[in-house]
Amino acid sequence: MTTLPSGLPVVVDRAAPTPLAVQISAQLQAAVTGGALRAGDRLPSSRDLSATLGVSRTVVTNAYARLFAEGWLEGRHGSGTYVADVTPPAGDPRGATGRRGETLHRSVSLWTSAKADPRPGSAPGHRTGSLIDLQPGISWAEGIEPAMWRRAWRQAGAHLPSRWPDPYGLPELREAVAAYLRRSRGLAVTPAHVLITQGVSSGLALLADALLSPGDRAGIEEPGYPTGREVLRRAGAEVVPCRVDAHGIVPEELPPDLRLLYTTPAHQYPLGGRLPVSRRQALVAWARATGAVVVEDDYDSEFRYDVGPLPALHSMDPDNIVYLGTASKVLAAAFGAGWLVAPPALVDRLAELRPWLGTRIPEAVQHAVLALLRSGDMERHVRRMRLEYARRRAALVDGLTQVRPARVPFRLLGDTAGIHVVLELPADYPAVRLVDAAAAGGVAIYPLDRYFAGPVTMSGVVLGYGTATLSQVRRAAAELGRLLTSLP
Ligand SMILES: Cc1ncc(COP(=O)(O)O)c(C=O)c1O
C-alpha cells in the first residue's frame, strides 16, 4: 500500500489482472464516494502520483482521464486536477442530505424576498458547498491561469507607487486601453478619451456625481441592473424605469426629460436582447433631440456566441454616448478594474471631481491590467474563457431545449452572449415555485422579479453559468428539466 502526499491510501497490485490505471481510478472514485476526498480537493499531479506509486505517468494520466470522462474530476486552467462536485440532486435516490437541502432553501428564500441586487456584500455562489449556484453576473475567477496572473503581478510589483495618484489613471494604461478598445470594439478613441475606473458601478457613480443634480430624472432599463439603479438613486436622481423587450430598450417610449439614460445594448441585463440597428439609430436621435447623456454599459461584450459582433453604440455618437467597460466579467469583480470613454472635456471634468470623492484607483491594479493588455494575456484569456463559457452555455441550453413534454411552458432568452440566460415562464406562473423546487433539488436559481423597480410584468428565472462547472451546469439543466416536466 502506498500513501499519497494527501494521505490517501492507494494500492497498486502488479500481480492482479486488472490494469493499473483501472485500479487507481477505482480507488480514487471509492475515496470520493466514501467521503475521503471531497469536492474541491486537489489531486497530486500525474508526475507526483506516478513517482509515488512507482508506475508510469501514462498509467496515472489514463486513470485521471477515465475519472474526468465520468465527471468525478475536473481541471482548472494551469492549476491542477480537482475532485468535482458530484453530489446528486435531491429527488435522486442517491439524494443530497436533508440538512443541506434545508440550508439551501433558507438562503434562497432570503434572496427571493430581496429586491436589491443580491451581490453587494453577499458571498459569491461558489462558496455555498454542495449547492449548484446559478447566480448571474459572476465570472469564473478560477479560470485565470496562475502563471499569467503571477506574470502580471510581477510586472506590477516592479513599480514603486507614484508620489500622488493620477486622477485620470496611469497615462500608459489609458493608452493601452484605448488601443484595446480600438482592436476589440472598433472604438475610435485616443488616450484623452479614456478615464480609468474600478468598474462600471464606479464609472456610473462618478458620472452621476458630475452630471446629475438632486431631482434630475435618470432613466434605467426595466427590468434592469439593480446596482445601476441604486447608484443613480443614491446620487439623488429620480430614477425612471424605461421598458425593455426581448430586443432591448424601446426608444419610442423614452420620456423627453431624462438627463441621463443607462443602457446595456450589447446584451441587455438581464433579458439578454441585442439592440437592433434601427433602435440604436432611434436611441441616438432621441439623445440628440433631448440632450440626454446615454451611458452605454458594455459589461460582457467579450462573450458572444454564434452571432456576429455589433459595434458599440458609442461609435454612433461619441459626443452624446459615454461608454463604460469593466474587467469584472473577463477577470473578476474583486479585481476592481474598468474604464470609461467620453469626450475629453467630460473626462477632464470627471478627473477634477475625483479627488473630492476620495476615489483612487490602486496603481498596482492599474499596472497589472497594463501588463495583461501589453502581453496579449488578456485577450488570450478572453478567448479561453469564451470557449469555456460556450461549453457551459451549450450544456444549459441543450439540456433545457430537450425538455419534453414540458408541463410548464417556457422559452429561453438572451443566450447568444454573456454568462447567463433567462428562462421565461408564462406570465401567470409563479417563478418562486420553480425557484423553491430547484432549491430543494440542490440548484439555486434567481427569480426575475428582483430586476424590476416597478410592477413585475413577466415571470421567469435567471440562470448564470459563470461560476458553475460544466458538470454542474449539466446536472442543473437535468434537474430543471425534471422540474419543468413534473411541476404543476
Ligand atoms: C449589467 C452589469 N454591468 C456591469 C457589471 C459589473 O459591474 P462592475 O464593473 O462595477 O463590477 C455587472 C456585474 O454583474 C452587470 O451585471
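Visitor: How far is the side chain of Ser328 from the ligand's oxygen?
Guide: This is a predicted model. In it, a side-chain N or O atom of Ser328 sits 2.6 Å from an oxygen atom of the ligand.

Visitor: And what about Thr326?
Guide: An N or O atom in the Thr326 side chain is 2.6 Å from a ligand oxygen. Lys329 takes part too, with a polar side-chain atom 2.8 Å from an oxygen atom of the ligand.

Visitor: How much of the ligand does the protein bury?
Guide: The protein buries 94% of the 400 Å² that the ligand exposes when taken alone.

Visitor: Which residues come nearest to the ligand?
Guide: There are 13 residues around the ligand, and those coming nearest are Val200, Ser201, Asp297, Thr326 and Ser328. Sorted by class, the shell consists of 5 nonpolar, 5 polar and 3 charged residues.

Visitor: Switching to the sheet. What is the strand order?
Guide: The order is E7-E14-E13-E12-E11-E8-E9-E10, in an open sheet of 8 strands with mixed pairing.

Visitor: Are E8 and E9 parallel or antiparallel?
Guide: Parallel: E8 (residues 217-222) and E9 (residues 238-245) pair over 6 bridges. Within that pair, Arg217 stands opposite Glu238 in E9.

Visitor: How does the chain cross from E8 to E9?
Guide: Through helix H8 (residues 226-234), in a β-α-β crossover that is right-handed.

Visitor: Which side chains meet in a salt bridge with an N to O distance of 3.1 Å?
Guide: Those of Glu230 and Arg234. Both belong to helix H8, and because they are 4 residues apart, about one helical turn separates them.

Visitor: How many salt bridges does the structure hold?
Guide: The structure holds 18.

Visitor: Back to E8. What about its pairing with E11?
Guide: E8 also pairs with strand E11 (residues 260-263), in the parallel sense and over 3 bridges. Ile220 is opposite Tyr262 in E11.

Visitor: And E9 with E10, parallel or antiparallel?
Guide: Antiparallel, with 2 bridges joining E9 to strand E10 (residues 248-249). Val244 has Ile249 of E10 opposite.

Visitor: How many residues lie between E9 and E10?
Guide: The two strands form a hairpin with 2 residues between them.

Methods: Residues are numbered from 1 along each chain as its sequence is written. This is a predicted model: local features need pLDDT of at least 70, side-chain atom pairs count only at pLDDT 80 or more; totals for chains, interfaces and linings use all residues. Side-chain values use heavy atoms; hydrogens and water are left out. A residue is near a molecule or strand if one of its heavy atoms lies within 4 Å of it. A polar contact is a pair of N or O atoms within 3.5 Å; within protein, one must be able to donate a hydrogen and the other to accept it, and residues adjacent in sequence count only if both atoms are side-chain atoms. Accessible areas come from the Shrake-Rupley method with a 1.4 Å probe; for residues, only the protein chains shown count as cover. Ala, Val, Leu, Ile, Met, Phe, Trp, Tyr, Cys and Pro count as nonpolar, Asp, Glu, Lys and Arg as charged, and the others, Gly among them, as polar. Two strands pair if DSSP finds at least two bridges between them. A crossover is right-handed if, with the strands pointing away from the viewer, the path from the first strand over the helix to the second runs clockwise. A salt bridge is a side-chain nitrogen of Lys or Arg within 4 Å of a carboxyl oxygen of Asp or Glu.
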